[in-house]
Amino acid sequence: MSQSPDHDDPQNENHSALKRRIATLEEQNAELRGEHSNKSRGDPYLLAGRAIRRLVSLNYRVEDLVGEYDRRTTSCDEDDSVQVQHTEEEERIYNSFKQLLRWVPCVRDLVYSQSDGYQLNTAYQKLNRGADSARGDDAASLKLAVASWLNEGQPTPNPPISSRDKSGRGFYNDSTAELLCPVDFNWADKSTQEGIRNYEHDFQVTAHSWPTFMYKDGRYDREDPTKGLFKGALLVRTFKHIFTSPSSAGETRPDEEGSHREPLYKRSRTTGERRTRSDIAALLGMRSVHARAIAYSAVQLRFALSSCGSWRTVDDEFDHHQFYIYMINYFEHPPTSAAKASVENLLVWWNRQIFGPRNVSSYSPQIAAQYSVANTSAKR
């Protein structure tokens, strides 16, 4: 019972897996020797890799993802009758591998190629560099953008947020601290401020609590904790800044919950409207909002608000990787049918915020079999 994508020759597939394992070892040796060469930013693997952090995985390396696929392929070849049990981490890596095939199609060619170890090693390095480069570019851009958004807001931060030096952000500034504060605490309470700033054990800031910016208007309801979750205005702006365009991050759409909305009259899109969507989302082929893009945006926003000067997986006691995993689990592994329906509604809300109601067919297509044309054909 193979869990791998379709392939006609298991022997060649296993051979390719061994070659990729050799490539991984060669890459590790190259890192130890410091033999990374600088390539053009226009290289196709570097460009393809820019999708990885945004839509596949926050931290995993390409060789880790392909390695898990190889491990499963090898174990299935050894004894196809045994049901292999996988750990949660292995399942996460394999699910990320499947996303990798979706968003970075060139990886499929590498998986089935007969390339030698050096060629595979080079391709992996380029994909990884492209991935990390995109994350760094997004972080640098948001460092400036978030400062501008907060300084333009009301009340004005005191002192103002520096666009260059992050050392005054995080819990050193009330404006950023209020957004970063775990929803289980109340930043307006002086004891909370002192407890967090003094690293007291009752006020730990970890990924086990949602930051306030994750909620609409920063309001967390302990009795209904999903209400408003993932609907923070700054989170939506961050997503737009990364995936549509920095200028679109200033646009707002009316929230459809609890407010009367004027009817939208149909009209043709202008050339200008089409042009604004020739952006990262379009380049990646992303026609609707995906859970991993939301999670990536939340991580980038959390980092932009923090006082951390350079990217790191763990900032003090806050683990960005664990934060990312919690968000992916929320969207991709709802525990009940009601939770699944709630996630689907949340994604529709997100798509309307990002792509607008006139693009509904892209993210919520009709089921053609349920409508009159199909019914007519069936009854002829």
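**Figure 1. Contacts of Trp-350 in the predicted model.** Not counting residues up to four places away in sequence, Trp-350 touches Phe-230, Leu-235, Val-236, Phe-239, Val-289 and Ile-294, where contact means heavy atoms within 4.5 Å. The model is predicted, so local features need pLDDT of at least 70 and side-chain atom pairs count only at pLDDT 80 or more, whereas totals for chains, interfaces and linings use all residues. Residues are numbered from 1 along each chain as its sequence is written, and side-chain values use heavy atoms, with hydrogens and water left out. Trp-350 is found in helix 15; helices (H or I, at least four residues) are DSSP runs numbered from the N terminus. Trp-350 counts as buried because its relative accessibility is 0%; buried means under 20% relative accessible area, exposed over 50% and partly exposed in between, with a 1.4 Å probe and protein chains only. A polar atom of the Trp-350 side chain lies 2.9 Å from the backbone oxygen of Phe-230. Between Trp-350 and Lys-231 the C-alpha to C-alpha distance is 8.1 Å, although 119 residues separate them in sequence.

Figure 2. The core has 82 residues, of which Met-214, Phe-230, Phe-323 and Trp-350 touch the most other members. Such a core is a set of buried Ala, Val, Leu, Ile, Met, Phe, Trp, Tyr and Cys residues joined through side-chain atoms within 4.5 Å. Helix 7 gives the most to this core, 11 residues. Helix 10 (residues 233–243) is mostly covered, with 9 of its 11 residues buried. Among the elements covering those buried residues are helix 7 (117–152), helix 13 (291–305) and helix 15 (337–354).

Figure 3. The structure holds 16 aromatic pairs; rings of Phe, Tyr and Trp (its six-membered ring) pair if their centres lie within 6.5 Å, with planes under 30 degrees apart counted as stacked, over 60 as edge-to-face and the rest as tilted. Tyr-69 and Phe-97 are stacked, because their ring centres are 4.8 Å apart and their planes lie at 10°. This pair links distant parts of the chain, Tyr-69 in helix 4 (residues 62–78) and Phe-97 in helix 5 (residues 88–103), 28 residues apart. Both Tyr-69 and Phe-97 are buried. Phe-318 and Phe-323 form an edge-to-face pair, 5.2 Å centre to centre with 70° between the planes. Arg-302 lies over the face of Phe-318, 3.9 Å from the ring centre; a charge sits over a ring if NZ of Lys or CZ of Arg is within 6 Å of the ring centre and within 35 degrees of the ring normal.

Figure 4. A salt bridge is a side-chain nitrogen of Lys or Arg within 4 Å of a carboxyl oxygen of Asp or Glu, and the count comes to 15 salt bridges. Arg-72 and Glu-68 meet in one of them (2.8 Å, N to O). Their positions in helix 4 are 4 residues apart, so about one helical turn separates Arg-72 and Glu-68. Arg-72 is buried at a relative accessible area of 3%, and Glu-68 is buried at 6%. Glu-90 forms a salt bridge with Arg-71, the closest N and O atoms being 3.4 Å apart. A network of salt bridges links Glu-68, Arg-71, Arg-72, Glu-90 and Glu-91.

Conventions: Helices (H or I, at least four residues) and strands (E, at least two) are DSSP runs, numbered from the N terminus. A polar contact is a pair of N or O atoms within 3.5 Å; within protein, one must be able to donate a hydrogen and the other to accept it, and residues adjacent in sequence count only if both atoms are side-chain atoms.
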